[in-house]
Amino acid sequence: MASPLSFLKQRKFWLRLFLLVLLGAAFIAGANLWVLRSSRSLIITDLEKLPQNDVGLVLGTTRYDRDGSIGNPFFLGRMNTAAQLYHAGKVRHLLVSGDNSHNGYDEPTWMREALMERGVPSSAITLDYAGFRTLDSMARAKAVFGLQRFTIVTDDFHMARSVFLARSYGLDVVGFPSERVRYWLSKKVRTRELASRTVACLEVYFLHTKPRFYGPPVKIDLAATP
C-alpha cells in the first residue's frame, strides 16, 4: 500500500504535468490566433480588390500527388492562380520559390514549366532554388532578390503564416490565396498548420531563426518582362 507521502508526490507530478499541458495548449492557441489576426487584413480573396504589384511570390510544393502521378492539387491550384494574376495584370513578374535540395526534386523548375504551359513567358519568371521553407522564401525575397513589396500566392491555410513571416522581415505584402483544395484532401495539412504557425512564432520572437542559405544578390529584370 502506497504511503501518504508517495501519494502526495504522485499528485504533485500529475498536477505539474497537467499545468504544462495546459500552458502548451494555451500557447498553441494563442500563437495561431495571433498569426491569423495579424495577417487577416492583408489577405484578399476578391481579384478586383487586389492591388497591383510588380512581383508575385509563388511558394513551392511538389507537383506529385500521393500516388506518384503529376497532379498534386495544391501545386496545380497555385500555378493556376499565379497565371491568373499575371494575365489579369495584377503582377508583372513571378518569383517562384521552392526546394531544390536534392537531385530529381526541383520545385522552381516544375513551377516555371507549369506557368509557361499556362501562357506566362519565361522572361516573366525568376527562380529561387533555395526556398526550402516559408521563412527562407521571405528572407531571400528581401535579402537576395531585393524585394520590398509583392503579392504572395499560396494555399488559403498557408497564407496567414506566409504573410506573418513576410511582415516579420518588414516586407509590404498582400496575399491572394490559390484555388481552394477540398477539405477531405487537405485536412491533414490544415491540421499540421496549427503546429507550423506555433513554430513560426517561436522562430520569430524567441529563436530568431535565419534561413539556411542566402547567396549573392539576384536582380529581377522587370524591364525585360512583357
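Predicted model: local features only at pLDDT ≥ 70, side-chain atom pairs only at ≥ 80, totals over all residues.

Reader: In what pattern do they follow along the sequence?

Author: Reading along the sequence you get α-β-α-β-α-β-α-β-α-β-α. As for overall dimensions, the C-alpha atoms fill a box of roughly 80 × 40 × 40 Å along the principal axes.

Reader: How do I read a strand pair, say β4 and β5?

Author: The general idea is that in a regular strand the side chains alternate between the two faces of the sheet. Now the case here: β4 (residues 149-154) pairs with β5 in the parallel sense, over six bridges. One place to look is Thr154, whose bridge partner in β5 is Pro177. As for cover, β5 spans residues 172-177, and five of its six residues are buried.

Reader: Which helix goes with β4 and β5 in a β-α-β unit, and what is the hand of that unit?

Author: That's α5, residues 156-168, and the unit it makes with the two strands is right-handed.

Reader: What about helix α4: how many of its residues are buried?

Author: First the general idea: an α-helix has 3.6 residues a turn, so residues three or four places apart point the same way. In α4 (residues 134-143), eight of the 10 residues are buried. Those are Thr134, Leu135, Asp136, Ser137, Met138, Ala139, Arg140 and Ala141.

Reader: And what do the buried residues of α4 pack against?

Author: Quite a list: the strands β1 (53-59), β2 (91-97), β3 (125-128) and β4, plus the helices α5 and α6 (183-207).

Reader: Now a single residue. Why does Pro211 count as buried?

Author: The cut-off is under 20% relative accessible area. Pro211 counts as buried because its value is 8%. You'll find Pro211 in the segment after α6. Setting aside neighbours within four places in sequence, Pro211 contacts Leu135, Asp136, Ala139 and Tyr169. Pro211 also sits 9.1 Å from Ala130, C-alpha to C-alpha, though 81 residues separate them in sequence.

Reader: How much of the chain's contact set links residues 24 or more positions apart?

Author: Such pairs account for 74% of the contacts with a separation of 6 or more. Across the chain's 226 residues, 46% are buried.

Definitions and conventions
Residues numbered from 1 in each chain as written. Heavy atoms only, no water. Buried < 20%, exposed > 50% of the residue type's maximum accessible area, 1.4 Å probe, protein only. Helix = DSSP H or I, 4+ residues; strand = E, 2+ residues; numbered from the N terminus. Pairing = 2+ DSSP bridges. Right-handed = clockwise from strand over helix to strand, strands pointing away. Contact = heavy atoms within 4.5 Å.
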